[in-house]
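User: Hello! I am new to this structure and would like to learn how to read its features step by step. Could you guide me?

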Amino acid sequence: SEQLLKSPNNVVLLKQRKQLFLDKGNMEAAMIDQQLILASDSTNHELLFELAEIQYQLAIAGKSDYYRTSLRNLTKELEAQEGHLPSLLLRGELYYLYREHAESLKDLNNVLNINPYEAKAYFFKGLNFKELGDFEKAISQFQTTVEQNPYHIQAYEQLAFVYAYLANPLAELYFDNALAVDSSNVQIWYNKGMYLQGLKRYTDAEKCYQAMLRRDKFNQFANYNLGYLNYEKEEYELAANYFSDAIYTNSGYADAYFARGLCFKKLGNIPQARVDFQSVLRLDETNIEAQEELNKLP
């Protein structure tokens with residue numbers, strides 16, 4: 001920065017500082033430097049891609065307005081951009097996010113014309129077809145994704161979701177394939193548990209939620225669902241304990257207070273049930289069910 005005060009247009013120094021900002025996770029400062037670098041050669045498609053990539057990362061981090069800014073930088077009508085695989089791949093992803101499916105598929109197909117082994121392009125083609133309701137093509141693209149990259153967890157999960165939607169038992173196989181790649185991923189355990197719970201395979205679902213807790217002891221969703229399953233089994237005291245653990249993790253978890261209130265009501269602990277239903281209304285004063293349960297208490 002001191003050297004740039006003396007030579008503010010020095011591209012070499014700007015690139016060095018940009019990289020240091022990236023290494024430190026300061027994406028916005030890196031973006032500003034990349035914009036200064038781009039000013040030295042505004043039609044350079046590779047520099048435009050680097051700027052768009054930084055803006056995309058900023059959008060992922062929560063600054064969603066940068067999705068559109070990133071896309072604008074990838075649609076400059078530069079001939080070189082149309083043959084640049086990273087630009088096409090990111091643009092195809094952004095078009096998908098904005099549900100511009102035809103444009104997305106066009107870019108992704110052009111990626112595959114350049115590199116027919118690009119797993120990410122097949123994956124986003126699958127997402128496009130899934131959203132368009134063409135599940136046969138979506139399945140084909142996700143399967144091709146894992147053929148190109150056997151460790152592509154998201155593709156296995158998408159296959160599971162599609163097969164679950166189609167009521168095809170192959171869904172469980174693909175959840176298991178995703179877990180075989182990364183058994184520490186609590187979200188996959190949760191998704192599999194919810195799938196099994198929907199089939200009323202409660203014992204198997206419970207195993208998934210217990211697996212979550214072995215990896216994340218205070219996971220509020222695992223505790224809540226274990227509470228629900230035990231409530232269904234009329235194990236009200238155990239269910240209340242699980243709901244309590246969910247509340248311990250998230251003191252604003254209105255559904256957990258409500259469910260625990262039902263447990264206490266079943267156990268005959270009316271004062272504690274009243275406190276829980278009142279807690280629900282404190283968090284959400286429009287909750288009709290909590291008000292009705294409160295009114296029913298003696």
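User: What should the 13 residues of helix 3 span at 1.5 Å a residue, and how far apart are its end C-alpha atoms?

Analyst: First, some background: this is a predicted model, in which local features need pLDDT of at least 70 and side-chain atom pairs count only at pLDDT 80 or more, while totals for chains, interfaces and linings use all residues. Residues are numbered from 1 along each chain as its sequence is written, and side-chain values use heavy atoms, with hydrogens and water left out.

Helices (H or I, at least four residues) and strands (E, at least two) are DSSP runs, numbered from the N terminus. The expected span of a helix is 1.5 Å times one less than its number of residues. For the 13 residues of helix 3 that gives 18 Å, and the end C-alpha atoms are 18 Å apart, which agrees.

User: How do I read the angle between helix 2 and helix 3, and what is it here?

Analyst: Axes are lines fitted to C-alpha atoms, for helices over the stretch in contact, and angles run from 0 to 180 degrees between N-to-C directions. Angles under 35 degrees count as roughly parallel, over 145 as roughly antiparallel, 65 to 115 as roughly perpendicular and the rest as oblique. The axes of helix 2 (residues 11-23) and helix 3 (residues 27-39) cross at roughly 160 degrees and come within 8 Å. Helix 2 and helix 3 are therefore roughly antiparallel.

User: What is the handedness of that crossing of helix 2 and helix 3, and which residues meet?

Analyst: A crossing is left-handed if the near helix is turned anticlockwise from the far one by less than a right angle, and right-handed if clockwise. For helix 2 and helix 3 the crossing is left-handed. Contact means heavy atoms within 4.5 Å. From helix 2, Val-11, Leu-14, Lys-15, Arg-17, Lys-18, Phe-21 and Leu-22 meet Met-27, Ala-29, Ala-30, Asp-33, Gln-34, Leu-36 and Ile-37 of helix 3. Sorted by class, the contact of helix 2 with helix 3 has nine nonpolar, one polar and four charged residues. Here Ala, Val, Leu, Ile, Met, Phe, Trp, Tyr, Cys and Pro count as nonpolar, Asp, Glu, Lys and Arg as charged, and the others, Gly among them, as polar.

User: At what angle do helix 3 and helix 4 cross?

Analyst: Their axes cross at roughly 160 degrees and come within 10 Å. That makes helix 3 roughly antiparallel to helix 4. The crossing of helix 3 and helix 4 is left-handed. By class, this contact of helix 3 with helix 4 has 10 nonpolar, four polar and two charged residues.

User: Which residues does Met-27 touch?

Analyst: Met-27 lies in helix 3. Not counting residues up to four places away in sequence, Met-27 touches Leu-22, Ile-54, Gln-57 and Leu-58. Met-27 and Leu-58 are 31 residues apart along the chain, with their C-alpha atoms separated by 6.6 Å.

User: Where is Ala-167, and is Ala-167 buried or exposed?

Analyst: Ala-167 lies in the loop between helix 10 and helix 11. At 66% relative accessibility, Ala-167 counts as exposed. Although Ala-167 is not a glycine, it has a positive phi of about 55 degrees.

User: Is Lys-200 buried or exposed?

Analyst: Lys-200 counts as exposed, at 62% relative accessibility. Lys-200 is found in the loop between helix 12 and helix 13 (202-215). Its phi is positive, about 65 degrees, although Lys-200 is not a glycine.

User: And is Gln-197 buried or exposed?

Analyst: Gln-197 is buried, with a relative accessible area of 14%. Gln-197 is found in helix 12. Leaving aside neighbours within four places in sequence, Gln-197 is in contact with Tyr-202, Ala-205, Tyr-209, Asn-225, Tyr-228 and Leu-229.

Conventions. Buried means under 20% relative accessible area, exposed over 50%, partly exposed in between (1.4 Å probe, protein chains only).
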